[in-house]
Each structure stands twice: as structure tokens, then as C-alpha cells.
Amino acid sequence: MFDDEYYMREAIKIAKQGIGLNEFPFGCCLVTKDHVIKTANTCYSKKNALLHAEINAINEMIELEGRETLEDACLYATTEPCVMCMGGINWARIKRLVYGSSIMDSAAIGFHEIALDSNQIVSKFPYELDIKSGVLKEECDALYDEWIAKNKVLYRLMKRNVKTKINLKK
């Protein structure tokens with residue numbers, strides 16, 4: 001049912017569209033047996049820090065399918081989901097997560113991430129979540145470069161405001 005590289009490429013395409021609309025470089029594709037939802041981050045355009053690509057996709061899929069949980073779903077994210085998005089994955093009971101770049105990759109370039117990887121978070125989940133990391137990682141990492149090239153001033157301001165205490169070796 002799931003073709004990891006195909007759906008990750010779809011997530012990358014939607015992230016590129018978001019970058020073109022001055023959004024942050026994150027995209028995802030949420031797949032169930034009946035539907036495919038592709039969403040980008042919309043935090044900047046909607047002035048709402050909670051509108052990450054994963055949250056947008058989960059909300060859209062729940063509304064489309066008319067149910068509160070998505071046990072048969074697989075979420076493809078260009079970057080490992082943050083703590084908030086992992087909470088959304090938990091509440092929606094998504095069974096599979098596939099991502100490209102790691103949360104530490106995102107933090108290293110200056111995004112304000114809580115330095116917890118998905119395995120640390122999932123260890124506390126009340127159910128099992130299958131995680132596959134590093135799918136099309138180079139292409140996902142390239143989204144950061146594309147975003148930085150388009151947003152040089154914002155990137156410099158963002159880098160200046162990031163705590164430099166993150167230990168990237170953990």
C-alpha cells in the first residue's frame with residue numbers, strides 16, 4: 001500500500017510549493033487506504049505557530065474521512081516531526097511515520113526545535129508506532145538550502161535568536 005519514496009517525493013514537492021509561498025521548508029503527505037493529503041507548513045502565512053504541515057494534514061484527513069483516529073495511516077514528513085506534531089500523531093493513532101531529515105538537522109540550521117527525537121517521544125506512546133528515518137534525506141536536506149537562499153535576511157535573524165546550547169551529538 002505504501003511506496004515510501006513516492007510519497008516522500010510528494011511531501012518534498014509540497015514543501016517546495018510552500019517555500020515558493022514564503023513558508024518554512026516543511027511538507028508532509030498523509031496516506032490512508034482511501035485518501036492522500038499533501039500539506040505544507042502554513043505558520044507564516046496564517047500567523048499561527050501551530051500550523052505545521054503534519055498538524056494541517058491530520059486535521060484535513062480527519063475532516064475528510066469523518067473520523068477522529070487514523071489507525072491505518074502513514075505520515076510522510078520531510079523533517080522528523082517536532083514534539084507538538086508527535087503529540088498529534090499520538091492522538092490520531094497514526095501507525096506509521098516515515099521522515100527524511102532529522103529534528104537535529106532542523107535545529108542545527110537554526111529552527112527553534114525542542115531537542116527530542118521521535119524515538120524518545122514514541123517510547124512514551126500508549127501504542128506502537130513504526131518509524132522509518134532517512135528516506136530521501138539528501139533531497140529533504142536540500143529544502144533547507146532552498147529556503148535559506150530565498151530567505152537570507154530571515155535566516156540570519158533566526159540564527160541569531162537560537163540557543164546555541166543544543167548538543168547535536170546526543
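# Notebook: helices, sheet and one valine

**Entry 1: α2 and α3**

I looked up how two of the helices meet, and α2 passes α3 in a left-handed crossing. Helices (H or I, at least four residues) and strands (E, at least two) are DSSP runs, numbered from the N terminus.

A note to myself on the model: it is a predicted one, where local features need pLDDT of at least 70 and side-chain atom pairs count only at pLDDT 80 or more, while totals for chains, interfaces and linings use all residues. Residues are numbered from 1 along each chain as its sequence is written, and side-chain values use heavy atoms, with hydrogens and water left out.

Back to the pair. Helix α2 covers residues 53-65 and helix α3 covers residues 83-92; their axes come within 9 Å and cross at roughly 20°. That makes α2 roughly parallel to α3. Angles under 35 degrees get that label, over 145 is roughly antiparallel, 65 to 115 is roughly perpendicular, and the rest are oblique. The axes are lines fitted to C-alpha atoms, for helices over the stretch in contact, and angles run from 0 to 180 degrees between N-to-C directions.

Which residues make the contact of α2 with α3? From α2 I listed E54, I55, I58 and I62, and from α3 M84, C85, G88, I89 and A92. Contact means heavy atoms within 4.5 Å. By class, these residues divide into seven nonpolar, one polar and one charged. For the classes, Ala, Val, Leu, Ile, Met, Phe, Trp, Tyr, Cys and Pro are nonpolar, Asp, Glu, Lys and Arg are charged, and the others, Gly among them, are polar.

In α3, I found C85, M86, G88, I89, N90 and A92 buried. Buried means under 20% relative accessible area, exposed means over 50%, and partly exposed is in between (1.4 Å probe, protein chains only). The buried residues of α3 pack against α2, β3, β4 (96-101) and α5 (118-122).

**Entry 2: the whole chain**

I counted seven helices and five strands. Their run from the N terminus on is α-β-β-α-β-α-β-α-α-β-α-α. Of the 170 residues in the protein, 49% are buried. I also checked the contacts with a separation of 6 or more: 64% of them come from residues 24 or more positions apart.

**Entry 3: the sheet**

The five strands make an open sheet in the order β2-β1-β3-β4-β5, with mixed pairing. The edges are β2 and β5 (130-132), each pairing on one side only. From one strand to the next, the twist averages 15°. Two strands pair if DSSP finds at least two bridges between them.

I then went through the neighbours. β1 (residues 27-31) and β2 (residues 36-40) pair in the antiparallel sense over five bridges, and they form a hairpin with four residues between them. In β2, C28 has T39 as its bridge partner, and C29 has K38. β1 also pairs with β3 (residues 74-79), again antiparallel, over four bridges; the β3 bridge partner of C29 is Y76. β3 and β4 pair in the parallel sense over five bridges, with R96 of β4 as the bridge partner of C74.

How many residues of β1 are buried? I got five of five. G27, C29 and V31 point one way from β1, and C28 and L30 point the other way. β4 has six of its six residues buried, so this strand is largely enclosed by the rest of the structure.

**Entry 4: V36**

V36 sits in β2. Is V36 buried or partly exposed? V36 is partly exposed, at 39% relative accessible area. Skipping neighbours within four places in sequence, V36 is in contact with Y7, C29, L30, V31 and M61. I also noted that V36 and L75 are 39 residues apart in sequence and 9.9 Å apart in space, C-alpha to C-alpha.

**Entry 5: α1 and α6**

One more helix pair. α1 (residues 4-20) and α6 (residues 137-150) pack at about 5°, with their axes 10 Å apart. That makes α1 roughly parallel to α6. From α1, I wrote down M8, R9, I12, A15, K16, I19 and G20, which meet E139, C140, L143, E146, W147 and K150 in α6. This contact has seven nonpolar, one polar and five charged residues.

Key:
Left-handed = near helix turned anticlockwise from the far one by under 90°.
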